[in-house]
Amino acid sequence: MRRPALRTGIRWKITLAIAAVGALTALALSLVVHSAAQVSMLESARETQLERVQYIAPGVEAGRRLPMGAKLNDPDLPAELREKVRSGRRGTYVQEHPRRAPEVWAAVPLGNGQVLSLHSRFRESANMMKDLDRALIVGSLAVVIGGSALGVLIGGQISRRLRKAAAAAQRVAHGDPDVRVRDAVGGVVRDETDDLARAVDAMADALQQRLEAERRVTADIAHELRTPVTGLLTAAELLPPGRPTELVRDRAQAMRALVEDVLEVARLDSASERAELQEVALGEFVSRRVTALMPEATVRVVADEIVSTDPRRLERILGNLLANAARYGRRPVQVDVEGRVVRVRDHGPGFPAALLREGPSRFRTGSTDRAGVGHGLGLTIAEGQARVLGARLTFRNVAVPPGTGRTGAAGAVAVLWLPEHAPTTTGSFPVITLPG
């Protein structure tokens, strides 16, 4: 069972990582600075308090009045400090409170056996610590925000380069041999993205060379087979009438059709085919061709439109789609024309999952429900001819209505999307200048 995956961009991952590291670093430094400053301030307060009590001790021994905050034999004197002074030593003591300023005690023994102590709250320390904490918080936030902004910039640059590489690789996958991922990435700084781009370019070149070699071999084999197959057909015509003769002619004709299909696929793979454009009324054209190719099929023209296309290639696409529906689907077969869109639907078991996922593949007819005869070239040729026309050919299955108790699909639908601007004789698309 697949677990749900959270998808996010590399920019935000880098930003989050830098922000987290900055926050942890700022927190650690703030705690260290806060603790060190607090210890330093309290030590300074101890020394100041001790200096004060030592300064007033001679006067008190001489009989002068006690200054504010000073006491003799203070009963509130902390026990730890009292014991220390009774032993004849001077000392200080800090009494901290969670919500109030700390209290600082200082005590010295007098010559007459009494204890002189000085007690005051160190409010300056609390105020300074508040100011220091406020400054540390502002500095930490500035570090986190600055680090996040830096992460966005760095991650954005890396993400941008990766998106360009992915877009270029997608164009290569769609059959554009002139695209180079390294050129699409660009940039002055070199990093691992360039290594990835070079690897993808090398892989694309190797695959292109292999495909080209396979195409040439296929075309050569099919071309060499054309002559003997033609001779076989001619010889079959000279055989005496009978069932064996019909079988020989039928198989020879099937072999000739296969050789012609293989040659057509090889030409389409070479990307050398060019459309011979004409203006045609799509609805009328489809109606006449479907009537000639499959009279029992139903044609419905929802909206007719004049299109610039190659009638021969369009007829080839329609013929292959109808043949596929008749061979692998079930009747009735319905053809709909709506503007520049042509839909061919049958009521069979639907297209196999591999075809819906990966598209048509030569010499693969799909599942056993739709297999048995054929070589898988019909839809491959239809898709190749659509590519020459600048069109798009898609495939989907019709869902079974709920409550019928049936499983699988209720039919297969092939949709031909003709472009608004047909390709030129060079195979490219015209540049359209917008008004203004």
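Good morning. The structure is a predicted model, in which local features need pLDDT of at least 70, side-chain atom pairs count only at pLDDT 80 or more, and totals for chains, interfaces and linings use all residues. Residues are numbered from 1 along each chain as its sequence is written, and side-chain values use heavy atoms, with hydrogens and water left out.

I begin with confidence. pLDDT is the predictor's confidence in each residue, from 0 to 100. The chain averages 78, and 85% of the residues score at least 70. Where pLDDT is low, the predicted coordinates should not be read in detail.

Next, the sheets. Helices (H or I, at least four residues) and strands (E, at least two) are DSSP runs, numbered from the N terminus. Two strands pair if DSSP finds at least two bridges between them. Strand 2 is joined to strand 3 (residues 103-109) by five bridges, and Tyr93 stands opposite Trp105 in strand 3. Contact here means heavy atoms within 4.5 Å.

A further open sheet has five strands in the order 6-8-9-11-10, with mixed pairing. Strand 6 (298-303) and strand 10 (392-399) each have a single partner strand, so one side of each is left without a neighbour in the sheet. Within it, strand 8 (residues 334-338) and strand 9 (residues 341-345) pair in the antiparallel sense over five bridges; Val335 has Val344 of strand 9 as its bridge partner.

Finally, the helices. At what angle do helix 7 and helix 8 pack? Helix 7 (residues 282-293) and helix 8 (residues 311-328) pack at about 50°, with axes 10 Å apart. That makes helix 7 oblique to helix 8. Axes are lines fitted to C-alpha atoms, for helices over the stretch in contact, and angles run from 0 to 180 degrees between N-to-C directions. Angles under 35 degrees count as roughly parallel, over 145 as roughly antiparallel, 65 to 115 as roughly perpendicular and the rest as oblique. Residues making the contact include Phe285 and Val286 of helix 7, and Leu314 and Leu318 of helix 8. Thank you.
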